[in-house]
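We'll go stop by stop, and each stop tells you what to pick and what to look for.

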Amino acid sequence: MNKHDILLKIKNLSIYYYTSEGIIKAIRNVDLELRKGEVVCIVGESGSGKSTLGLAIVRALPVNAKIMSGSIIFEGKDILNLKEDELQTYIRKSISMVFQDPAASLNPLFTIGEHMKDVIKNTLDIIDEKEIYEICENILKRVGLPDPQRVFRSYPHELSGGMLQRACIAIALTSRPKLLIADEPTTMLDVTIQAQILKLLKELKREVGLSMLFITHNLGIASEIADRIVIMYAGKILEEGLVEEIFKNPLHPYTIKLLETIPRITKKMPRIKEIPGMLPDLRNPPHGCPFVERCEFAKPECSISMPKFIEITPTHKVACYNYYNGNA
Amino acid sequence: MPITREYLVKRIFSQIVVIFGVVIIVFIITRVIPARPEFLWAGPHPTPEQLQKAREELHLNENILVQLYLYLLDLFNGNWGISWRTKTPVLDDIAHALPATLELIIVAFTIAIVIGIPLGIFAALKRGKITDNIIKIITVIGASLPTFWLALVVQLIFGTWLRVLPAGGRVNDILVIQTGFQPITGFYLLDSLIQGNIAIFLDVLQHIILPSLVLSIYPMSLSARMTRALMVEVLNEQYIRSANVWGISQRLIVYKYALKNAIAPVVASLGLSFGYTIVGAFLVELIFVWPGIGLYLAMSLLSFDYPAVIAVVIIIAIFYTTINMLVDILHAIIDPRVKL
Amino acid sequence: MSEISEILKLVKKDIISFIGLIIVVGFITLGIIAPYILTRPNDAWGNTYDVTKAYLPPSLSHPFGTDEYGRDMFNRVLLGTRFSLIIATGVVGVALLIGILIGLIAGYAGGRIATLLMRITDMFFAFPPLLLAIALAATLGRGLINVIIALAIAWWPWYARLVFIQVNSIKTLPFIDGAKVIGLSNTRIMFKYILPNSLTPVTVQASLDMGSAVLEAAALSFLGIGVPPPIPEWGLLISQGWQSINRAWWISIFPGLALVIIVIGFNLLSDAIREIMDPKLKRLLIIKGI
């Protein structure tokens with residue numbers, strides 16, 4: 001597999017949640033591609049479906065979620081139809097995930113080391129205790145934890161938020177995955193710790209060639225780490241492009257608005273901008289573009305059907321009727 | 001998780017305070033509430049002389065605080081009164097009967113845990129399916145059966161009608177004489193094994209099966225239900241999801257990780273059901289004529305042997321709170337987050 | 001109130017909980033009308049003594065057989081429902097009264113009073129559930145009222161603790177501070193504002209405890225320190241049948257079955273209500289049929 005091969009290919013994925021309050025159509029007809037060594041950032045508000053996407057790839061969706069259509073192909077294998085034992089032996093070793101709340105992601109009754117050891121036992125087929133410990137120590141050091149031995153022996157409640165997230169990253173990397181999915185890993189951390197974690201992830205990408213799917217609501221964070229950015233809204237992808245393209249030439253009205261909401265110290269802003277309106281009710285999503293009710297540039301066709309993607313450049317595409325005949 | 005000496009000391013100290021409270025409450029129940037306590041303590045149909053004697057022994061002519069002091073002194077010295085039914089000191093009677101009850105309770109609890117917890121895990125793993133619902137129904141019925149009634153039914157069916165197991169008693173006395181069995185610890189199952197007396201061992205086993213099974217039904221059902229509920233809850237937790245994603249094997253996730261998270265509250269609830277089991281043991285002993293504290297208590301109640309009844313109440317309360325303290329300590333060992 | 005109707009709606013959906021509801025409602029109804037629908041009231045109240053009819057096995061005229069005095073067991077068990085209901089409501093009612101009062105005062109007053117009251121409450125927890133009731137019942141002697149008193153005294157600590165915890169969390173809410181600022185008296189605040197809001201877990205617990213109350217009263221009667229004969233309380237009936245169980249199994253079995261059914265009913269209902277009130281579970285509810 002050479003550097004630019006496609007690692008992950010999602011086609012026409014639709015996922016619904018069945019709840020007592022109705023059927024929530026969280027993701028509708030989503031396509032996504034990720035290449036080896038790439039960092040793709042999915043940017044969207046809460047409720048956009050971005051977390052669902054991440055969970056679907058690792059097959060960790062809650063019981064009431066149903067895959068209505070589509071496929072997820074990883075290294076040529078169809079993930080959605082894998083049987084249980086193949087799931088264990090293949091996917092668990094190849095794809096891993098870091099979650100938003102590091103404290104909730106760790107079992108409070110077990111040490112970090114215990115977690116790591118059990119991952120190794122199941123994914124790396126190493127039995128020698130000493131070897132296992134060395135591997136753990138190395139990974140813990142690699143994620144920037146100053147006292148790896150202590151962390152190894154520590155329980156989650158003994159560590160601070162930043163250290164916990166580093167520990168989670170360490171555990172996630174123990175199985176030597178090819179793809180790491182990071183679901184808002186810095187959202188619950190202090191800003192300074194945030195920067196450290198981002199730096200760590202960038203280093204990992206560079207040194208180990210780790211491919212990453214980074215999920216966030218913060219376009220600013222995305223700009224720090226992404227190669228490509230995917231803008232998601234209410235279960236649909238609105239725009240996709242290289243990070244420079246998105247920032248220099250945002251196309252979709254939603255993307256433009258997102259950029260405006262990033263507070264800038266340098267620019268003089270009378271007040272922090274916000275996007276008026278609310279997310280559509282996903283139990284009854286609009287037939288057309290989901291952003292139609294909050295969009296300044298909405299046209300009649302926007303409510304009727306979802307616009308197809310228009311490629312502005314080979315790497316930059318947008319789903320918006322405003323681009324159908326030339327420019328907006 | 002290391003338990004600090006500090007914690008143990010604190011815990012034991014509060015234990016002593018609680019026992020003191022128990023003793024005070026018993027004092028209030030037995031001396032303060034009744035209008036004429038000497039009638040209770042002198043046995044049924046007392047003669048005037050017996051009443052006078054009782055009045056003196058209870059120091060009823062003294063100030064209430066003096067009574068309390070003397071009462072505490074008596075307790076401390078092991079003078080808990082004479083059972084007028086057996087004509088021996090109550091404490092001796094209890095010392096004799098206690099191991100039998102403990103043996104029964106231990107066997108019953110072991111059965112309850114060994115069957116109940118795996119049943120709960122199984123139901124949790126098969127959540128929503130038919131197996132789960134069947135187990136649910138069985139455990140609800142099990143938790144609702146009155147122990148004494150169940151004991152009667154079981155004894156009737158297996159002891160009297162089918163005659164497959166002894167209907168009562170703890171051991172065949174003739175066999176004891178024949179094989180020269182000597183109790184050492186008071187736990188006959190243990191003693192017979194120590195002495196290599198297999199005949200007695202099997203005999204006691206036969207006698208203990210019915211009562212302990214009946215006694216185990218309630219804690220078994222409770223632990224199955226609690227285990228199931230907790231496992232389901234735990235298996236939905238985020239840390240189980242992440243353990244799954246990171247690649248820990250399914251078997252470890254259920255039997256090492258989730259089980260440990262679920263077990264702490266299950267242990268706590270077992271401690272609670274223990275209280276009901278103690279009382280259940282009384283009733284079971286009564287029906288199966290098992291020579292333990294329960295039988296002693298029941299016989300004392302039936303013959304209005306008040307001193308014996310109260311002595312048993314105090315002993316059981318002390319025993320119960322001690323078990324609760326041990327359960328708390330066990331809980332702290334399992335869960336490192338418990339504040340010490 | 002709307003919560004209760006929502007609970008009832010959800011209970012109706014699940015068959016098992018619905019059975020529980022039916023049993024409980026049936027029990028309460030029977031308990032109320034029992035004395036008026038007896039076919040052989042004299043037998044039920046224990047006023048007859050007909051040796052020729054003693055120990056008759058179950059038949060059409062005597063569905064549950066007769067006991068050693070020739071009394072019809074079916075009628076006795078039926079009337080027993082009334083006494084079980086009386087005991088259950090009596091025990092839970094009195095325990096609630098005492099428990100809520102103590103929990104309320106302790107929770108609201110805080111400080112030394114709270115510690116004292118809660119310490120006293122804790123001392124009661126040192127006794128295994130029935131043991132204290134046994135000691136009290138043995139002291140007070142047999143009698144319907146005595147049974148209720150004995151069980152109520154053994155039971156109130158549970159409610160006191162529940163209410164205490166609730167009041168503790170409510171009294172820190174801002175609207176209580178507001179009430180104080182306006183100048184409302186403490187008693188007024190306690191009873192008008194805090195009390196109504198802290199009743200929910202306790203009432204749920206109490207209504208489900210009624211089943212256990214029946215069971216424990218039966219145990220006391222079985223031991224001979226509960227209600228006196230000839231009251232046809234189920235525990236007493238079981239113990240009376242115990243003497244002759246080898247030749248007349250029906251005397252003990254049928255009252256026991258009644259007990260079992262009632263307790264099952266309360267347990268099913270309690271499970272259902274608990275599951276419904278658990279907010280976590282609510283979010284995971286899956287529409288049936290998927």
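At roughly what angle do the axes of helix H13 (residues 293-302) of chain B and helix H14 (residues 306-334) of chain B cross? Select both: the axes of H13(B) and H14(B) cross at roughly 145 degrees and come within 8 Å. Helices here are DSSP runs of H or I with at least four residues, strands are runs of E with at least two, and both are numbered from the N terminus. Axes are lines fitted to C-alpha atoms, for helices over the stretch in contact, and angles run from 0 to 180 degrees between N-to-C directions.

Before moving on, some housekeeping. This is a predicted model, in which local features need pLDDT of at least 70 and side-chain atom pairs count only at pLDDT 80 or more, while totals for chains, interfaces and linings use all residues. Residues are numbered from 1 along each chain as its sequence is written, and chains are lettered from A and ligands numbered from 1 in the order in which they are written.

**Stop 1: the helix pair in chain B**

Stay on H13(B) and H14(B), whose crossing is left-handed (the near helix is turned anticlockwise from the far one by less than a right angle; clockwise would be right-handed). Now show side chains for B:Ile293, B:Tyr296, B:Leu297, B:Ser300 and B:Leu301 in H13(B), which meet B:Ala308, B:Val309 and B:Val312 in H14(B). Residues count as in contact if their C-beta atoms, placed from the backbone, lie within 7 Å. By class, this contact has seven nonpolar, one polar and no charged residues. For the classes, Ala, Val, Leu, Ile, Met, Phe, Trp, Tyr, Cys and Pro are nonpolar, Asp, Glu, Lys and Arg are charged, and the others, Gly among them, are polar.

**Stop 2: all of chain B**

Zoom out to chain B, which has 14 helices and zero strands. Its C-alpha atoms fill a box of roughly 80 × 50 × 40 Å along the principal axes. Of the 340 residues of chain B, 43% count as buried; that takes 20 or more other C-beta atoms within 10 Å of a residue's own, whereas 12 or fewer makes it exposed and anything in between partly exposed, with C-beta atoms placed from the backbone.

**Stop 3: where B meets A**

Show chains A and B together. Their contact takes 18 residues from chain B and 24 residues from chain A. On the chain B side, pick helix H11 (238-246) and helix H12 (250-288), the elements that give two or more residues. H11(B) gives the most, with eight residues. The chain B side has eight nonpolar, six polar and four charged residues.

**Stop 4**

**Stop 5**

Center on C:Leu151 and you'll find it touching C:Val91, C:Ala133, C:Ala213, C:Glu216 and C:Ala217, leaving aside residues up to four places away in sequence.

**Stop 4: strands in chain A**

Finish with chain A, where four strands form an open antiparallel sheet in the order S2-S1-S4-S5. Strands pair if DSSP finds at least two bridges between them. At the edges are strand S2 (22-35) and strand S5 (77-78), each pairing on one side only. Strand S1 (residues 6-19) and S2(A) pair over 10 bridges; select A:Leu13 to see its bridge partner in S2(A), A:Val30. Helix H1 (residues 50-57) of chain A packs on this sheet, touching S1, S2 and strand S4 (65-74), at about 65 degrees to the direction of S2(A).

Then jump to strand S10 (residues 236-242) of chain A, where six of seven residues are buried. Strand S9 (residues 228-233) of chain A pairs with S10(A) in the antiparallel sense over six bridges, and A:Arg228 stands opposite A:Leu242. The S9(A)-S10(A) hairpin has two residues between the strands, and A:Ala234 takes a positive phi near 45 degrees there.

Note on methods
Two residues are in contact if their C-beta atoms, placed from the backbone, lie within 7 Å.
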